[in-house]
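This briefing covers confidence, cavities, a pocket and selected contacts in one protein. The structure comes first, and the notes follow by topic.

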Amino acid sequence: MKRLITIRNVEGGGGGGSDDALKNLNLSSDLETHSYSEKKNTNLPLMRLMGFFLVSFMLFSVLFSLSLVLRDPPSDAVLEASQTTTATTVFQQQGVNNIPSDSVEEPIDKLIGGLLTDGFDERSCLSRYQSAKYHKGLSAKPSSYLISRLRKYETLHKQCGPYTESYNKTVNELRSGQFSESSPCKYVVWISFSGLGNRILTLASAFLYALLTDRVLLVDPGKDMVDLFCEPFPEVSWFLPSDFPLKGQFHDFNQKSEKCYGKILKNNSVASSASPPSFLYLHLVHDYDDEDKLFFCDEQQNFLKKVPWLLVKTDNYFAPSLFLMPSFEKELNDLFPNKETIFHFLGRYLLHPTNNVWGLVVRYYQSYLANANERVGIQIRVFDTEPGPFQHVLDQILACTLKENLLPDVNRDEDIVSPSETPKSKAVLMTSLNAGYFEKVRDMYWEYPTVTGEVVGIYQPSHEEHQQSEKQMHNQKAWAEMYLLSLSDVLVTSSWSTFGYVAQGLGGLKPWILYKPENRTAPNPACRRAMSMEPCFHAPPFWDCRAKRGIDTGELVPHVRHCEDMSWGLKLVDRDNFD
């Protein structure tokens with residue numbers, strides 16, 4: 001209807017213009033006829049004929065031009081669409097970390113700095129290449145050596161992955177208990193264990209270990225890994241086949257298992273072994289003992305590198321302790337000149353949400369977060385037996401976000417009329433098992449105006465009340481929420497929470513960490529800024545492998561420090577960010 005109205009407007013203006021043109025043409029014709037009448041009579045018919053053709057040609061040109069205008073006029077709708085596109089472009093350029101759109105003609109680095117390789121079927125895993133539209137980009141440039149090692153690993157995985165000739169050969173040797181030391185393929189098998197946040201962090205740790213030792217990483221699918229994560233390597237799967245000979249024993253592997261490396265060391269049976277076993281179980285769970293922790297000593301790595309199959313169960317992000325091992329030092333320095341980018345790079349390389357999970361991410365982002373000038377993520381994890389919500393936790397959240405100017409304060413005394421121009425907006429994404437904190441913060445910004453005039457929207461995708469690690473949809477929502485948090489411009493996380501670690505690492509964010517409350521009292525100060533975006537290793541060894549004595553491993557090298565939220569934990573930091 002709007003287009004019809006604008007056409008009539010153009011026709012009105014165009015119609016008047018065409019009438020004037022016709023009058024001018026008639027006047028021109030009269031003048032030409034008058035001048036010709038003064039010439040010789042013998043030329044009059046010829047001159048009249050030429051004048052007729054000239055007038056006809058001019059009239060045809062005018063009518064042709066009018067037909068073009070009337071057929072495709074520059075209507076108001078087109079002008080408004082153009083203005084809207086311009087406004088959207090300006091809004092996106094002024095906003096923080098907005099999604100690039102078709103209106104902003106900037107190339108999207110879908111291979112994210114060369115971490116990813118091209119050639120996948122994009123429809124099978126939409127997030128692999130689409131994620132570049134949503135993330136603000138990598139926090140640093142990957143080293144050329146890391147990129148070359150990833151390509152080299154992909155070649156190795158293609159050669160040795162499930163059901164390849166080499167894989168079938170080593171599996172047959174595993175069944176027989178005898179193996180050829182000349183085999184080009186050795187493996188580290190990651191056993192699905194613990195909550196989703198822990199699993200994501202340990203996957204990155206296991207892959208890093210595989211890179212350092214030229215092993216192929218195979219992933220136990222567990223109950224839901226296939227539903228959560230796309231294949232990261234081209235052509236050959238990273239999921240361990242269901243007919244793997246030892247798969248039925250995974251659940252029962254523990255420190256008492258005969259093939260547990262810690263138990264073997266405790267019994268001093270390594271030296272007496274004539275040849276390495278066909279497989280070993282590595283128990284790197286938080287309850288591991290001193291012998292299990294010897295995994296992080298070079299002396300033990302010299303033995304382990306001979307074993308074709310290493311099966312790992314862990315709930316720890318153990319990458320920091322790999323940086324304390326002299327045998328890995330040079331390789332790690334070449335791979336990661338910036339030490340706080342390990343999970344950031346490996347996570348973006350490995351961890352791509354499946355299409356189902358990606359749908360949850362995109363729909364929520366576009367519905368609630370995309371158009372804000374700034375996005376603030378607040379991740380709340382309360383380690384308490386009661387469900388809450390707790391007033392001291394709410395007080396702590398507000399104390400942190402208001403003091404650090406992450407959120408504007410409200411005026412409880414008087415209404416403030418918003419300025420006539422469009423106010424700036426903040427979208428706050430809160431994640432918690434409990435809806436109480438979201439409701440109270442939402443109501444605060446609904447009932448009172450902000451002192452800055454900003455518009456603040458509060459959103460929470462789900463509130464599952466309690467953790468349900470074995471429930472498929474629960475974990476899909478959890479993975480989607482971690483990813484949504486990683487798309488924030490600024491982030492607030494809870495102490496000790498691997499959920500928050502995943503979000504900060506994927507997003508390349510240094511969060512404000514809420515201190516763990518004691519005696520149900522809000523800490524003062526409420527939070528502090530993280531030294532780096534790296535996750536914390538919650539249960540590191542405190543052992544000097546050379547001196548054979550205990551030592552503070554957080555004081556050995558400048559790039560491995562104790563965590564902000566767990567004094568005995570270890571995390572990687574960059575030299576430029578030391579306190």
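The second largest cavity holds about 30 Å³ of space. The model is predicted, with an average pLDDT of 84 for the protein and 78% of the residues scoring at least 70.

**Cavities**
- The second largest cavity is lined by Leu201, Asp315, Asn316, Tyr317, Thr498, Cys536 and His538.
- That lining divides by class into 3 nonpolar, 3 polar and 1 charged residues.
- The count of cavities of 30 Å³ or more comes to 2.
- The largest cavity has about 40 Å³ of space, and its lining consists of Tyr261, Gly262, Leu282, His283, Leu284, Glu291, Asp292 and Phe295.
- At least two residues of the largest cavity's lining come from each of α9 (261-266), β3 (279-284) and α10 (290-293); β3 gives the largest share, 3 residues.
- By class, the lining of the largest cavity has 4 nonpolar, 2 polar and 2 charged residues.

**Second largest pocket**
- The volume of the second largest pocket is about 580 Å³.
- Of its 25 lining residues, Phe296, Leu324, Pro326, Cys545 and Arg546 lie nearest the centre of the pocket.
- Two or more lining residues are given by each of α11 (298-304), α13 (326-335) and β11 (543-544).
- The lining of the second largest pocket has 13 nonpolar, 5 polar and 7 charged residues.

**Packing of α7 and α14**
- Helix α7 (residues 196-213) packs with helix α14 (residues 342-350) at an angle of about 95°, and the axes are 10 Å apart.
- The angle makes α7 roughly perpendicular to α14.
- On the α7 side, Ile200, Leu201, Leu203, Ala204, Phe207 and Leu208 take part, meeting Ile342, Phe343, Leu346, Tyr349 and Leu350 of α14.
- This contact has 11 nonpolar residues, with no polar and no charged ones.

**Arg175**
- Arg175 is placed in helix α6 (residues 165-176).
- Not counting residues up to four places away in sequence, Arg175 touches Asp243 and Pro245.
- Arg175 and Pro245 are 70 residues apart in sequence, with their C-alpha atoms 6.8 Å apart in space.

**Confidence**
- The average pLDDT is 84, but over residues 1-46 the pLDDT is below 50, and this stretch has 25 contacts in the model beyond near neighbours in sequence.
- Residues 62-104 also have a pLDDT below 50, with 50 contacts beyond near neighbours in sequence.
- Where pLDDT is low, predicted coordinates should not be read in detail.

Note on methods
Residues numbered from 1 in each chain as written. Predicted model: local features only at pLDDT ≥ 70, side-chain atom pairs only at ≥ 80, totals over all residues. Heavy atoms only, no water. Axes fitted to C-alpha atoms, helices over the stretch in contact; angles between N-to-C directions. Helix = DSSP H or I, 4+ residues; strand = E, 2+ residues; numbered from the N terminus. Parallel < 35°, antiparallel > 145°, perpendicular 65-115°, else oblique. Contact = heavy atoms within 4.5 Å. Nonpolar A, V, L, I, M, F, W, Y, C, P; charged D, E, K, R; others polar. 1 Å grid on protein atoms, 1.4 Å probe; cavity = no way out; pocket = protein on both sides within 12 Å on 5 of 7 lines; lining within 4 Å. Points joined across faces, edges and corners; volume = space filled by probe spheres on them. pLDDT = per-residue confidence, 0-100.
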